[in-house]
Amino acid sequence: MPALEIIIGGVITPAFPSQPRLATPYFARWIRRFFWSIGFFFILNSSTFGQNSVPDWARDVVWYQIFPDRFRDGDPNNQPTRESLEFVVKPGKDWRISPWTGDWYARDAWEKNLGPSFYANGVFDRRYGGDLQGVIDKLPYLKQLGVTALYFNPVFYSRSLHKYDGNSFHHIDPYFGPDPAGDFAMMDRETADPKTWQWTAADRLFLDLLAKARGLGLRVIIDGVFNHTGRDFFAFKELRVNQARSRYQNWYVVDSFDDPTTRRVEFSYKGWWGHNTLPVFAASADGEDVAAEPKAYIFQITERWMRPVVDGKEVPGIDGWRLDVADERPTKFWRDWNRYVRKLNPEAYTVAEIWKNPEELIREGEFSASMNYFAFAMPVKGFLIDRVIPPSQFGVLLNERRAAFPEGVAAVMQNLVDSHDTERVASTIVNSGRVPYEDRSGFNFNANNSPRFEPGYLIRKPNARERSIQKLVALFQLTYFGAPMIYYGTEAGMWSAHDPDDRMPMAWEDMKFDPQQSDPRGNVREPDDVNFDRNIFDFFQAIITLRNGSLALRRGDFTVVPTPDESGSFAYTRTLDGERKLVILNRGEEAVTLALPGFGLKTESIFQTEGEKAAFSVDANGLSVTVPALTGVVFSEAP
């Protein structure tokens, strides 16, 4: 039995009494903290120290990110209700589930009744009904696409559409499962004591999803939001009621409690980035850790989802975690937590969300990797999208930033170009070239990215030239060193601005969508077809197949092949055990002819993004190739 279970049974349970108490005596609090310290000491001393766990399987995967409410509605009987919303009083009684295939920028009657603004009045109160059954139904689609690992945005119970305001970390959101009413009734009978926790219908469906995904060879990780909670989280909910008498007052950063002798509301607390809907977990007294009580809860739910025991039997759990705003929690907490994760599953994968240079956090926090904004997405924007740096500088940036990672980590970094926190890459390309940069090291990645704040932002569909650039970006993403991650719908041709537009419902091939012809600024625009794009899907499927079929593209060394900067082209090889792949990306607006020495007579062209076939010849001097404008070519050299 894991050490934490022993501690829960012997020490932790008294810290979470089944019946509310009005106050906790000082001596009892001191005793509880003492035993917490002893418990964590034994946990960590039974773990592996000072190592980044880089599971072997993570070197080969192609990630796919799923935003649950917007992926697929598979169960029409579990729809969110108006009463389940984050701010119940805002939408009127005419609120309804939004139509999946409607024009995104068209406003329903209930939205118009709230006010004139697309962004301020209604869009964040929309729900589309995506659920776990929808994901299960579309697992064959994901298998067909060729992805091999799934990352879910938060699936735990909360009121928001994004679910980063969790009201529980030990239950899947009931509206993602088949029986919301029954799940809530079951949850109401529980306390903070893990012994009272049950497996709801939504929990069980999630575990069923894990089993079905594993049966198709798909790994699964989920979002861990361990920095803050929602206001209906059990600890904060009780704190709001009992104030200074609450047994949970050490869980949060309380600035002042309410004074019952006044009519004012003096209760004040720290919210994430000032958002009072996201109360932040407290740090330890020395600031070096998360406070003992919430830390213990996080460890409890970590075990629950990694090694679930249902009806007395252990069943397969998740393969790892993506950790939200990881740089906002003390490093010691992450080191302790990652060591406990490895104790539960030595092959688990943990990936930190961090936008700046992640090297220190990965190394000291002992993560497997991070979302690779800094060392991948930002340089890609600088060269392949905006073309403000020459190919040689692009190569230097890639090598320098990749080399800073701990040994083995670079091979499993999540190489992404868009996510739920960015504009979609197709729209980044449509709106490229917005210079001068305010952030030169980041190439203004994810800046000036929404019509909500930028009047000149273009929300139209990409044209043929822009799609060609997108294919270059995708080819590089799928053939570079590390693990590529595709944001849901990118493979279906979706484009969009930043949040909330980047969270449009998935464009499915079996659905007919209304043209997108409204504009959130009230401008007149040409209608755009937003239906599933079979050409884009086939392209992504082909390059994923290319990667999955090549050990060199998944695990091989990465070497830049020098090309003249004025050519606008970038070339590199991936090499392993005699297998060598050469990739050439012509970002220029004209065809370019390159002479590349060192390639033998058995070099052949195996892939091209589109257009007229690249002409090439091989002789004693090496490879000579003419690559059309905005085209990528892959060559293979047989041993």
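Mentor: Happy to. Asn 444 is buried, with a relative accessible area of 7%; buried means under 20% relative accessible area, exposed over 50% and partly exposed in between, with a 1.4 Å probe and protein chains only. This is a predicted model, where local features need pLDDT of at least 70, side-chain atom pairs count only at pLDDT 80 or more, and totals for chains, interfaces and linings use all residues. Residues are numbered from 1 along each chain as its sequence is written, and side-chain values use heavy atoms, leaving out hydrogens and water.

Trainee: Thanks! Where is Asn 444 found?

Mentor: Look among the helices, which are DSSP runs of H or I with at least four residues, while strands are runs of E with at least two, both numbered from the N terminus. Asn 444 has a positive phi of about 55 degrees although it is not a glycine. Its place is the loop between α14 (425-430) and α15 (464-479).

Trainee: And is Asp 577 buried or exposed?

Mentor: Asp 577 also has a positive phi, about 50 degrees, without being a glycine. It sits in the loop between β14 (569-576) and β15 (579-586). With a relative accessible area of 76%, Asp 577 is exposed.

Trainee: Which residues is Asp 125 in contact with, leaving aside its neighbours within four places in sequence?

Mentor: Asp 125 belongs to the loop between α3 (109-114) and α4 (132-137). It is buried, at a relative accessible area of 3%. Counting contact as heavy atoms within 4.5 Å, its partners are Leu 85, Lys 90, Pro 91, Trp 95, Trp 110 and Leu 114.

Trainee: Which strands stand at the edges of the open sheet of eight strands?

Mentor: Two strands pair if DSSP finds at least two bridges between them. The order is β10-β9-β8-β3-β2-β1-β12-β11, with parallel pairing. Each edge strand has a single partner, so one side is left without a neighbour in the sheet: these are β10 (369-370) and β11 (414-416).

Trainee: What is the bridge partner of Phe 152 in β3?

Mentor: Strand β2 (residues 149-152) pairs with β3 (residues 219-224) in the parallel sense, over four bridges. In β3, the partner of Phe 152 is Ile 222.

Trainee: Last one: which peptide bond is cis?

Mentor: Most peptide bonds are trans. Here the proline lies in the loop between β12 (483-487) and α16 (534-548). With omega near 10 degrees, the cis bond runs from Asp 499 to Pro 500.
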